[in-house]
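Hi everyone, and thanks for having me. Please take a minute to look at the picture before I start talking you through it.

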Amino acid sequence: MSHFAKYTDEDLIKLLNDSNKDAFTELYNRYHKLVYGYLFAQLESPQHTQDMLHEVFMKIWEIRMRLELKSSFTAYLFRICHNKVVDFSRKRATERLFREELKNQYDEMDQYQ
């Protein structure tokens, strides 16, 4: 067990602001199962869930130096999750429409041959 396990989220965020990798690891260990559960409920795909889980925590690491909590870390973390799921859903919808349009164009071309 890490000595960081005794730290509050706020304390860990302060350390994370200074790029403390152990603080990041503690936050990951503390929340990754909860985040995975939330993402899986939204995505229903183990592979997409795992990929997005990594994206969420990569985002935390990327913004670590300017991360400031206005509420709880959990609320902040799940806002990132929500935004990632919305972006993913939009991208999937766009890809689906694009594939349908290509199929329709292909079907039209096929009729004339």
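First, some ground rules. This is a predicted model, in which local features need pLDDT of at least 70 and side-chain atom pairs count only at pLDDT 80 or more, while totals for chains, interfaces and linings use all residues. Residues are numbered from 1 along each chain as its sequence is written, and side-chain values use heavy atoms, with hydrogens and water left out.

Let's begin with helix H1, which covers residues 9-17. When I say helix, I mean a DSSP run of H or I with at least four residues, numbered from the N terminus. Which residues of H1 are buried? They are Asp9, Leu12, Ile13 and Leu16. Looking down the axis of H1, the buried residues fall within an arc of 100°, so they line one face of the helix. That arc is taken from the directions from the helix axis to the C-beta atoms. As for the words, buried means under 20% relative accessible area, exposed means over 50%, and partly exposed is in between, using a 1.4 Å probe and protein chains only. Here is a handy rule to remember: an α-helix has 3.6 residues a turn, so residues three or four places apart point the same way.

Now, how does H1 sit against H2? The axes of H1 and H2 come within 8 Å and cross at roughly 140°. Axes here are lines fitted to C-alpha atoms, for helices over the stretch in contact, with angles from 0 to 180 degrees between N-to-C directions. H1 and H2 are therefore oblique to each other. On this scale, under 35 degrees is roughly parallel, over 145 is roughly antiparallel, 65 to 115 is roughly perpendicular, and the rest is oblique. On the H1 side, the contact is made by Asp9, Leu12, Ile13, Leu15 and Leu16. From H2 come Ala23, Phe24, Glu26, Leu27, Arg30 and Tyr31. Contact means heavy atoms within 4.5 Å.

Keep an eye on Phe4 too, in the segment before H1. Phe4 is buried, with a relative accessible area of 6%. Setting aside neighbours within four places in sequence, Phe4 is in contact with Leu12, Leu15, Asn20, Asp22, Glu26 and Arg30.

Some of those names come back when we turn to charge. Side chains of opposite charge can pair when their charged atoms come close. How many salt bridges does a search of the whole structure find? The search finds 3, a salt bridge being a side-chain nitrogen of Lys or Arg within 4 Å of a carboxyl oxygen of Asp or Glu.

One of them joins the side chains of Asp9 and Arg30, at 2.7 Å from N to O. This pair links distant parts of the chain, with Asp9 in H1 and Arg30 in H2 (residues 21-43), 21 residues apart. Asp9 is buried at 12% relative accessible area, while Arg30 is partly exposed at 27%.

Arg30 also forms a salt bridge with Glu26, where the closest N and O atoms are 3.3 Å apart. Glu26 and Arg30 are 4 residues apart in H2, separated by about one helical turn. Glu26 is buried, at 10% relative accessible area. Put together, Asp9, Glu26 and Arg30 are linked in a network of salt bridges.

There is also a bridge between Glu55 and Lys84, with the closest N and O atoms 3.9 Å apart. Glu55 is in helix H3 (residues 46-62) and Lys84 is in helix H4 (residues 73-111), so the pair ties together parts that are 29 residues apart in sequence. Glu55 is partly exposed at 35% relative accessibility, and Lys84 is partly exposed at 23%.

Finally, the loops. Most residues other than glycine have a negative phi, and most peptide bonds are trans. Now look at Ser19, which is not a glycine and yet has a positive phi of about 65°. Ser19 sits in the loop between H1 and H2 and is partly exposed, at 25% relative accessible area. Glu44 is not a glycine either, and its positive phi is about 55°. You'll find Glu44 in the loop between H2 and H3, exposed at 65% relative accessible area.

Key: Helix = DSSP H or I, 4+ residues; strand = E, 2+ residues; numbered from the N terminus.
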